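Me: I would like to learn how to read a few features of a protein model. Please take them one at a time.

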Amino acid sequence: MPLVECVPNFSEGRDAHVIAALRDAIAGTAGAQVLDVSSDASHHRTVITFVASLDAAVPAALAAMRVARDRIDLNAHRGVHPRIGATDVVPFVPLDGTTMADCVRLAEQLGERAATELGIPVYLYEQAARRPSRRNLADVRGRGFEALREDIVTNPERHPDFGAATVHPTAGATAIGARPFLVAYNIYLGPASNLPVAKAVARAVRESSGGLPGVKALGLEVDGQAQVSMNLVDIERAPMHLVFDTVAREAAQHGVDVTWSEIVGLVPARVLLAAGAQHVKLRGNAEQLTLESRLERPTVVISDPLLDRIAAATPTPGGGSAAAHATALAAALAQMVAGLTQENPRFAAVADAMAQYRTQAATLRAQLETLVETDASAFDGVRAARRLPKDTAEALKRRADALRAAWLHAATVPLHTARLAVDVAQLAATLAEQGNPNAAGDAAVAALVAEAACRGLALNVRLNVAGLDDEGAEAGAALASEARDCVDAAALHARLAEAAALRSLSGSP
């Protein structure tokens, strides 16, 4: 059964009866299973991790939100963690068999029901955000519950996505979103007197102030200790062990040592295995070296949901999505080669450059994974425009204008993907030349896959601009011309990568 993870955060970390009621509301929903309950008295906050079917996820979350509304009064709440609601935040996270689009739909369904059934205004954030300014959860929280009581009424920019422009008198507001997997990770720096150091370290490591990618950090005082409280939202680009080492290094510059760290909620086993493998300088895939991985290995092959969707007898996802997925695979290969080079002491001279290439590959991969879905929906506008009435001259003109815009959009999406394919091929060629020679063949494969995908994408561009009328012909010709240029550039990088791989095999300069 396809499952999603949901990790609601409640503004209660001290009353065991309320915490139990929150847990029981979720556990009592058919199709939902509570995996973890983490409470912190200083933060005055409880994080519940549960998994549920697509049908059960919203009812389970709503049941807990109802308990929070009825039993938590933010007017009497005092804790160190920022918050805007009794149920402060509810993120949905896709697991195997579900997609980010599924989680966006769940966030929207829960937001509408929370507003209408519970009287709680809701802001959509991260992948579910309807405004770019609301993607970042910190921006949604703003100055917290006390400030929101006035801002939501007087500032149109703070009006909610669902519900009235007024906070619930005791339960406040809630941020509901869809996001990739996140690690809630806290590192402690000794006594509370080190709080200024914790704040300085948080500023140094968080992405918004130039630190590690995907890291959100605050310096807090918790239980008489200085804490660097973090959310790691991109564990591929900033794995937990890298974050720990960076925090330890920054703290040491202030003469402070790390005392201990903690994970709030649950993380995939690979996160901890990667941290252990890094610490002991272990080569190879740590996940495949455990006895448990062999014992738990499935005896049947589990099909890839995207491949099943592409294989289905439906128009989308089609060639453009397949090409975007193939290019994402090529970017993942490039990311692997950069990592193998960066973490090998023999290539210390290029470690900094490889770290940048690794980040670049991860960024390209994330963009391409998004374009798989974007391409699948690119023809929605064309189909909608074709259904427009054409019974009058005015209606015919509106239909022609809509079709022209839709065909241009349908051509622009694969062109954008083709540009990224060129970037992947170029990066792979660089890695084939500069990276670990033992992985030069992998880099070359990445470049060749990106080239093949680029050729398919250029064909999609040409086919789509063919649907344009005379008024759009000039713009279409420009798109097709750029697509041909992308193919030429990708081909050049692929040949260079292939040559570099062959040189690594022969040992010639």
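This is a predicted model: local features need pLDDT of at least 70, side-chain atom pairs count only at pLDDT 80 or more; totals for chains, interfaces and linings use all residues.

Me: Which residue does the side chain of D102 meet in a salt bridge?

Reply: The partner is R105, with N and O 2.3 Å apart. R105 has a relative accessibility of 43% and therefore counts as partly exposed. Both residues lie in helix α3 (residues 100-118); they are 3 residues apart, which means about one helical turn separates them.

Me: Which salt bridge links distant parts of the chain?

Reply: R134 and D161 form a salt bridge, at 3.3 Å from N to O. The two are 27 residues apart: R134 sits in the loop between β6 and α4 (137-141), and D161 in the loop between α5 (145-154) and β7 (174-178). R134 is buried, at 4% relative accessible area. D161 is buried as well, at 17%.

Me: How should I read the pair R143 and D151?

Reply: Take the contact, then the accessibility of each partner. The closest N and O atoms of this salt bridge are 2.8 Å apart. R143 has a relative accessible area of 64%, so R143 is exposed. D151, at 17%, is buried.

Me: How many salt bridges are there, and which residues are linked in a network?

Reply: The count is 26 salt bridges. K397, D401, R404, D469 and E471 are linked by salt bridges in a network.

Me: Where is D223, and what is its phi?

Reply: D223 lies in the loop between β9 (215-222) and β10 (225-232). Its phi is positive, near 50 degrees. D223 is exposed, because its relative accessibility is 54%.

Me: How do I read the angle between helix α14 and helix α15?

Reply: Angles over 145 degrees count as roughly antiparallel. The axes of α14 (residues 393-434) and α15 (residues 440-465) cross at roughly 165 degrees and come within 8 Å. The two helices are therefore roughly antiparallel. The crossing of α14 past α15 is left-handed.

Me: Which residues form a nonpolar patch on the surface?

Reply: V280, L282 and L289 form it, and their accessible area together is about 290 Å². V280 lies in the loop between α8 (269-279) and α9 (291-295). A residue is exposed when its relative accessible area is over 50%. V280 has 55%, so V280 is exposed.

Me: How far apart are A332 and L364 in sequence and in space?

Reply: A332 and L364 are 32 residues apart in sequence, while their C-alpha atoms are 8.8 Å apart. A332 is part of helix α11 (residues 319-342). With 27% relative accessibility, A332 counts as partly exposed.

Key: Residues are numbered from 1 along each chain as its sequence is written. Side-chain values use heavy atoms; hydrogens and water are left out. Patches are made of residues with over 30% relative accessible area and no salt bridge: like charges are joined within 9 Å, nonpolar side chains (Val, Leu, Ile, Met, Phe, Trp, Tyr) within 5 Å. Accessible areas come from the Shrake-Rupley method with a 1.4 Å probe; for residues, only the protein chains shown count as cover. A salt bridge is a side-chain nitrogen of Lys or Arg within 4 Å of a carboxyl oxygen of Asp or Glu. Helices (H or I, at least four residues) and strands (E, at least two) are DSSP runs, numbered from the N terminus. Buried means under 20% relative accessible area, exposed over 50%, partly exposed in between (1.4 Å probe, protein chains only). Axes are lines fitted to C-alpha atoms, for helices over the stretch in contact, and angles run from 0 to 180 degrees between N-to-C directions. Angles under 35 degrees count as roughly parallel, over 145 as roughly antiparallel, 65 to 115 as roughly perpendicular and the rest as oblique. A crossing is left-handed if the near helix is turned anticlockwise from the far one by less than a right angle, and right-handed if clockwise.
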